[in-house]
Protein chains: 4
Amino acid sequence: MSNSLGKIFTVTSFGESHGRCVGVIIDGCPAGLPVSEKDIQVELDKRKPGMGAASTRRAEEDKVDILSGIFNKHTTGAPICLLVWNQDSDSAFYEKDRALLRPGHADYTAFMKYGGFNDFRGGGRFSGRITAGYVMAGAIARKLLDIIGVEIIAHTLEIGGIEAQVKSTSAIKKAVEQNPLRCADPGATEKMLKAIEKARKEGNSLGGIIEGFAINVPAGLGEPVCDTMEGEMAKALFAIPAVKGVEFGAGFAVAGKKGSENNDLFAIKHGKISTATNNAGGILGGISNGMPITVRVAVKPTPSISREQSTINIDTMKNAKLEIKGRHDVCIVPRAVPVVSAMMAITLCDFILRARLIPEVVK
Amino acid sequence: MSNSLGKIFTVTSFGESHGRCVGVIIDGCPAGLPVSEKDIQVELDKRKPGMGAASTRRAEEDKVDILSGIFNKHTTGAPICLLVWNQDSDSAFYEKDRALLRPGHADYTAFMKYGGFNDFRGGGRFSGRITAGYVMAGAIARKLLDIIGVEIIAHTLEIGGIEAQVKSTSAIKKAVEQNPLRCADPGATEKMLKAIEKARKEGNSLGGIIEGFAINVPAGLGEPVCDTMEGEMAKALFAIPAVKGVEFGAGFAVAGKKGSENNDLFAIKHGKISTATNNAGGILGGISNGMPITVRVAVKPTPSISREQSTINIDTMKNAKLEIKGRHDVCIVPRAVPVVSAMMAITLCDFILRARLIPEVVK
Amino acid sequence: MSNSLGKIFTVTSFGESHGRCVGVIIDGCPAGLPVSEKDIQVELDKRKPGMGAASTRRAEEDKVDILSGIFNKHTTGAPICLLVWNQDSDSAFYEKDRALLRPGHADYTAFMKYGGFNDFRGGGRFSGRITAGYVMAGAIARKLLDIIGVEIIAHTLEIGGIEAQVKSTSAIKKAVEQNPLRCADPGATEKMLKAIEKARKEGNSLGGIIEGFAINVPAGLGEPVCDTMEGEMAKALFAIPAVKGVEFGAGFAVAGKKGSENNDLFAIKHGKISTATNNAGGILGGISNGMPITVRVAVKPTPSISREQSTINIDTMKNAKLEIKGRHDVCIVPRAVPVVSAMMAITLCDFILRARLIPEVVK
Amino acid sequence: MSNSLGKIFTVTSFGESHGRCVGVIIDGCPAGLPVSEKDIQVELDKRKPGMGAASTRRAEEDKVDILSGIFNKHTTGAPICLLVWNQDSDSAFYEKDRALLRPGHADYTAFMKYGGFNDFRGGGRFSGRITAGYVMAGAIARKLLDIIGVEIIAHTLEIGGIEAQVKSTSAIKKAVEQNPLRCADPGATEKMLKAIEKARKEGNSLGGIIEGFAINVPAGLGEPVCDTMEGEMAKALFAIPAVKGVEFGAGFAVAGKKGSENNDLFAIKHGKISTATNNAGGILGGISNGMPITVRVAVKPTPSISREQSTINIDTMKNAKLEIKGRHDVCIVPRAVPVVSAMMAITLCDFILRARLIPEVVK
């Protein structure tokens with residue numbers, strides 16, 4: 001089950017970038033949840049290409065296809081199979097140059113693990129396209145989170161070294177959907193767009209940071225000592241291709257803080273327990289404390305660049321040169337934003353069911 | 001099974017800080033592995049207090065007690081139960097002030113999750129003492145890693161904002177055991193010790209960063225798309241109390257890099273495939289690529305500080321003041337170094353068994 | 001993951017009887033295994049209706065559709081998604097009488113568990129049609145078992161109280177494919193056919209017993225103390241609708257035996273350790289001993305009978321009368337024979353991978 | 001985790017017959033459940049030897065030792081570690097004759113699986129003594145079942161071919177604790193005792209059948225299609241050494257029944273839905289239907305008999321003769337009765353938590 005996330009709300013991924021389809025099975029979703037194709041399509045559309053200058057020109061017209069688990073517009077309690085069929089996949093490049101290991105990609109490691117039998121076309125299982133499955137599952141998870149009022153917001157915090165000035169989560173929420181880079185800061189967006197355009201011209205790519213918030217999370221979610229909120233969410237986030245770091249709350253900045261600076265002091269506010277600061281990112285001892293869960297995710301620059309790169313030919317075991325043609329995102333950060341949201345939603349949904357806060361049948 | 005790590009080499013934690021014992025069960029260890037109490041004790045001793053100025057004065061004389069799974073000095077294939085008995089635990093403070101939520105600790109979240117039934121003494125399940133179990137399990141994991149030559153090295157990279165200058169892993173390995181802060185840079189160590197002394201006098205605490213390396217890891221370990229090397233290792237590392245961030249290779253620095261800077265170019269070196277740089281931290285597509293696995297872990301400053309802090313009384317639901325007495329580490333980073341090693345060893349061991357590189361019986 | 005079997009070779013079922021499709025995802029299959037559609041279709045055809053007098057007249061033309069995990073005619077190591085599309089499903093009966101609980105079916109229990117949201121048409125998830133998925137997964141499992149020479153044979157041992165005289169497993173193997181009832185005893189077959197015809201005329205149904213053998217199983221498979229060979233195989237077999245009992249070797253007959261009668265005495269035979277008798281059914285301490293694994297499965301008579309039955313109306317909560325029309329198997333035993341084989345193959349395959357007898361890549 | 005049962009209420013077994021201890025860890029028990037040592041000891045005492053003529057003379061004075069998870073006489077939500085320390089173990093026989101494979105025991109299969117490294121003394125992990133752990137876990141499970149009124153009753157149905165006349169479950173419940181064979185039929189008990197005495201004199205042993213009932217089980221428990229009530233309960237029951245068959249309701253008798261005989265007709269009774277007959281054993285479609293869950297378990301005669309038996313010497317690979325001395329139960333059926341109850345309780349408890357019928361904190 002190395003292609004599954006979650007213990008109760010279990011999401012299993014299948015499909016390949018240039019195979020028949022990319023899909024997901026959700027096992028453990030309560031029965032009685034109203035779900036329409038539109039609910040899922042809305043989320044799916046958020047990761048489609050054409051978000052401004054940043055993305056690939058591959059025309060993905062991904063329409064969700066519901067194969068099982070939904071009947072009379074409600075979940076049935078049975079496994080929900082959702083998929084998008086692949087079209088418009090051009091495998092010629094991959095077939096031709098498959099022996100040339102693309103730097104920064106999984107070509108080499110997949111070759112070593114699967115003995116060369118893996119479907120290498122378009123990156124196969126390692127393609128960003130696989131995340132369409134998580135986004136569809138995340139759409140279902142969000143419907144469940146709605147029941148108890150949990151909200152997920154994610155946005156582009158940084159691209160190519162340019163950092164957005166973070167505002168309130170409500171401001172981010174409003175801004176993010178309209179923005180071509182899913183960035184809530186118009187000034188930073190402009191600079192990022194220029195940096196992206198420059199990188200495109202130079203045949204290069206850019207990385208960045210995505211930040212996510214979960215709001216109205218009840219205190220008490222998380223299953224320490226091993227299935228902590230941080231641990232399970234990080235595991236899900238590292239399943240997104242290109243993610244190389246995950247931090248919560250103050251994150252790596254805690255290293256330079258003193259206890260007196262880092263501790264979030266408890267106080268009664270409007271009759272409820274809360275903390276003035278949120279260095280803990282809403283999590284203490286691996287359990288949510290009711291404050292917003294905040295997470296940041298480092299996304300590496302797309303390894304596919306159109307410059308010539310040194311590499312080796314795995315068949316001849318000789319040094320070689322490689323030039324990647326194809327169509328590629330200069331910066332995947334904007335398209336990864338809804339994927340981060342989806343992973344957060346999936347993780348929280350699993351913990352909510354583990355905490356038995358939603359019954360087997362939703363009404 | 002929220003107290004377990006690993007799918008094949010499964011480590012289950014039990015015990016409380018001030019209860020009878022702290023222990024661990026390892027299920028799935030191959031039979032025939034020579035294991036002595038000394039093998040485990042050596043690792044256990046690395047996390048004992050008294051590492052210079054940084055640590056608590058609680059006299060922990062932790063001796064491993066092997067309850068099952070080892071017979072005639074070899075593993076039997078049956079579950080291995082290892083524990084350390086608790087002694088010298090002074091619960092008076094915890095009993096007296098239990099209604100006062102300690103900021104930065106799990107008091108509040110545990111209260112919310114377990115309805116006040118949790119063993120709060122000494123932090124109970126949320127105490128750093130629980131990590132003794134991981135260290136014992138890590139000692140067994142290391143014996144298995146020895147078989148295929150994998151080596152784990154961890155060291156203190158940063159304390160209180162003071163960063164060590166990293167050297168070769170072999171230099172780190174040599175330096176780290178002798179150093180009171182598990183830091184391989186003598187100059188930085190001196191500054192760190194001064195910062196710790198200063199924090200102690202001020203009744204404060206310090207955070208830091210630990211870095212780990214796994215060397216000689218065969219290419220092909222990791223189980224994407226969900227059980228990635230990064231994801232599973234991060235999950236294990238987030239089970240260490242106080243960890244708030246985990247990054248691999250270039251980590252968060254990828255956000256400011258271009259693809260041409262971040263891609264590690266493949267080349268044939270001494271007949272083997274390797275990369276000149278290691279921004280990937282030895283992992284591509286969630287699978288090891290044969291280069292050293294490098295991970296950095298952000299450790300927050302100990303939340304127990306001896307200054308007065310604002311908080312609330314959970315019984316009266318009123319604002320209150322709290323002064324934590326007891327004995328506490330000013331900085332837990334040095335003692336967490338062997339725990340990071342243990343978690344890396346446990347994770348790698350599980351992947352090695354999942355990849356079926358070690359048979360059911362070791363000879 | 002309540003729709004999954006197996007820990008390493010994991011089979012997840014999805015789909016409904018009258019929904020879009022019935023399918024399965026296999027996660028954990030080694031890469032490099034040659035698999036064609038024909039390999040799967042052969043097994044699928046064994047459970048198709050029209051096996052003589054016993055079965056439904058619903059025209060199921062089930063053709064396997066491979067959605068993922070197979071590339072260039074070999075497994076890739078990625079999840080394998082296999083399905084059959086539903087056609088020819090007539091849901092009129094189910095829509096009309098859905099409030100009348102069919103005795104012996106899961107109508108009531110599904111209603112209670114899923115709050116009435118389950119897809120009730122044709123029994124939904126509780127239909128025998130779901131077993132098409134297991135049969136497809138079993139076809140892949142058998143290809144893996146072939147590698148180490150394990151063979152699975154199953155046959156109809158009893159129908160309607162008429163017992164077949166068991167012969168050698170090789171005789172059974174030869175006879176079973178040609179026989180309309182999957183019974184290796186021609187005399188018994190004739191009587192069974194008459195009993196089936198009689199039951200059909202009377203609007204009734206018949207139960208029976210299926211026996212399975214696994215031959216050339218290496219000694220040492222099984223993972224006690226909890227994941228025993230018997231326990232895991234029984235769990236898989238009880239996932240077949242209508243199974244109410246599972247026994248191994250002498251089974252329930254052990255109750256009347258003395259130790260001296262039941263013990264299988266070890267002896268050296270042709271240089272190999274074996275036992276003269278096989279009351280243990282090839283399993284001691286939950287682990288295979290190299291003798292044939294023998295299992296018997298009790299299959300209840302099809303609950304759908306065309307006689308009028310007393311029941312209740314779940315909407316009105318009043319007593320009612322029900323007459324089931326539709327098309328139904330008088331006796332599902334013959335069609336369940338390949339499903340028993342499939343479940344045995346899946347279980348053994350999982351244990352073989354758990355024992356690490358087949359590497360990650362098959363060549 | 002091959003030594004664990006249950007998904008939410010997870011019971012992990014450890015320890016060996018002649019090692020330091022036999023124990024169990026329960027992970028996932030809700031917090032706030034009142035548990036005393038006495039609650040557990042009561043169940044443990046039920047499986048102690050000295051139940052009349054049937055059992056071993058090994059003086060087991062098993063006192064439960066609670067190592068973790070219980071604080072202030074309540075469960076804390078943390079893993080509960082319970083164990084009994086071993087005493088009075090005489091390993092001389094096992095050391096001396098270890099190369100002689102005991103027929104009917106796991107000596108050979110354990111040797112093959114663990115390469116001879118297993119702790120063979122007293123059968124090690126394969127000893128009936130391991131079931132003490134399940135009984136302790138079952139005691140906790142029963143406390144949880146009490147909350148929703150579920151009751152478990154088990155009794156000796158058959159020993160040595162002598163069958164007890166079954167009465168009402170309430171009659172069985174009353175009779176069983178006083179009876180030396182845990183049999184509710186005094187007449188049958190007398191015959192059984194004679195048969196046991198005869199077998200003892202002849203140096204032989206007897207098998208039997210245990211029957212279990214779960215009463216007041218709410219309709220809707222079970223997680224099809226793979227984690228059925230039958231499948232999970234059977235898996236747990238097959239973890240009891242010596243069990244070779246498991247059947248529910250009419251069990252293997254369904255093979256001779258017609259649908260019209262086997263279907264349990266629904267009717268409204270006292271305003272509740274129930275069935276007049278219970279051939280389904282309280283389970284339809286793998287889900288409880290509110291009627292008593294009834295299960296029967298076939299227990300093989302103790303393989304240790306004091307007659308000379310043919311076997312082989314695993315070291316010399318030559319045929320040999322073996323005479324087992326030691327102290328052994330002539331018939332383990334009576335002592336296995338509380339183990340069957342425990343396994344039923346553990347399985348039901350897990351399903352109740354999976355169905356989210358008991359919250360995280362019990363009050």
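The structure is a predicted model, and the values reported here are to be read accordingly. In chain D, and leaving aside residues up to four places away in sequence, Ile346(D) touches Leu5(D), Gly6(D), Phe9(D) and Val11(D), as well as Tyr134(D), Ala137(D), Gly138(D), Ala141(D) and Ala236(D). In soluble globular proteins, nonpolar side chains tend to be buried together.

In chain A, an open sheet is built from five strands in the order E1-E2-E3-E7-E4, with antiparallel pairing. Its edges are formed by strand E1 (4–5) and strand E4 (65–68) of chain A, each of which pairs on one side only. Strand E1 of chain A is joined to strand E2 (residues 10–15) of chain A over two bridges in the antiparallel sense, and within this pairing Leu5(A) has Val11(A) of E2(A) as its bridge partner. Helix H1 (residues 37–46) of chain A has as its buried residues Ile40(A), Glu43(A), Leu44(A) and Lys46(A). When the helix is viewed down its axis, the buried residues of H1(A) fall within an arc of 155 degrees, and they therefore line one face of the helix. These buried residues pack against strand E7 (80–85), helix H4 (131–148) and helix H9 (333–354) of chain A, and E7 is also a member of the five-stranded sheet of chain A described above.

Elsewhere in chain B, Gly116(B) lies in the loop between helix H3 (107–114) and helix H4 (131–148). Gly116(B) has 19 other C-beta atoms within 10 Å and is therefore partly exposed, the threshold for a buried residue being 20 or more. The C-alpha atoms of Gly116(B) and Ser274(B), which are 158 residues apart along the chain, are separated by 54 Å.

Relations between the chains were considered next. Two copies of a chain are related by a rotation about an axis and a shift along it. Chain C can be laid on chain D by a turn of 180 degrees with a shift of 0.0 Å along the axis, giving an RMSD of 0.0 Å. That is the relation of a two-fold axis. The same surface serves both copies, as 100% of the contact residues of chain C recur in chain D. The contact between these chains takes 85 residues from chain C and 85 residues from chain D. On the side of chain C that touches chain D, helix H7 (residues 229–238) of chain C gives the most, with six residues, and the classes represented on that side are 38 nonpolar, 31 polar and 16 charged residues. Strand pairing also crosses from chain to chain, in that strand E11 (residues 243–248) of chain C and strand E11 (residues 243–248) of chain D pair in the antiparallel sense over three bridges; within this pairing, the bridge partner of Gly245(C) is Glu247(D) in E11(D).

Chain A is likewise superposed on chain C by a rotation of 180 degrees with 0.0 Å of shift along its axis, at an RMSD of 0.0 Å. Of the interface residues of chain A, 97% are also interface residues in chain C, so the copies meet through the same surface. The contact takes 36 residues from chain A and 35 residues from chain C. The elements that give two or more residues to the side of chain A that touches chain C are E2, strand E3 (21–27), E4, strand E6 (74–75) and helix H3 (107–114) of chain A; E2(A) gives the most, with four residues. By class, this side of chain A has 13 nonpolar, 15 polar and eight charged residues.

Definitions and conventions. Residues numbered from 1 in each chain as written. Chains lettered and ligands numbered in written order. Predicted model: local features only at pLDDT ≥ 70, side-chain atom pairs only at ≥ 80, totals over all residues. Least-squares fit on C-alpha atoms with pLDDT ≥ 70 in both. Contact = placed C-beta atoms within 7 Å. Pairing = 2+ DSSP bridges. Nonpolar A, V, L, I, M, F, W, Y, C, P; charged D, E, K, R; others polar. Buried ≥ 20, exposed ≤ 12 C-beta atoms within 10 Å, placed from the backbone. Arc of directions from axis to C-beta.
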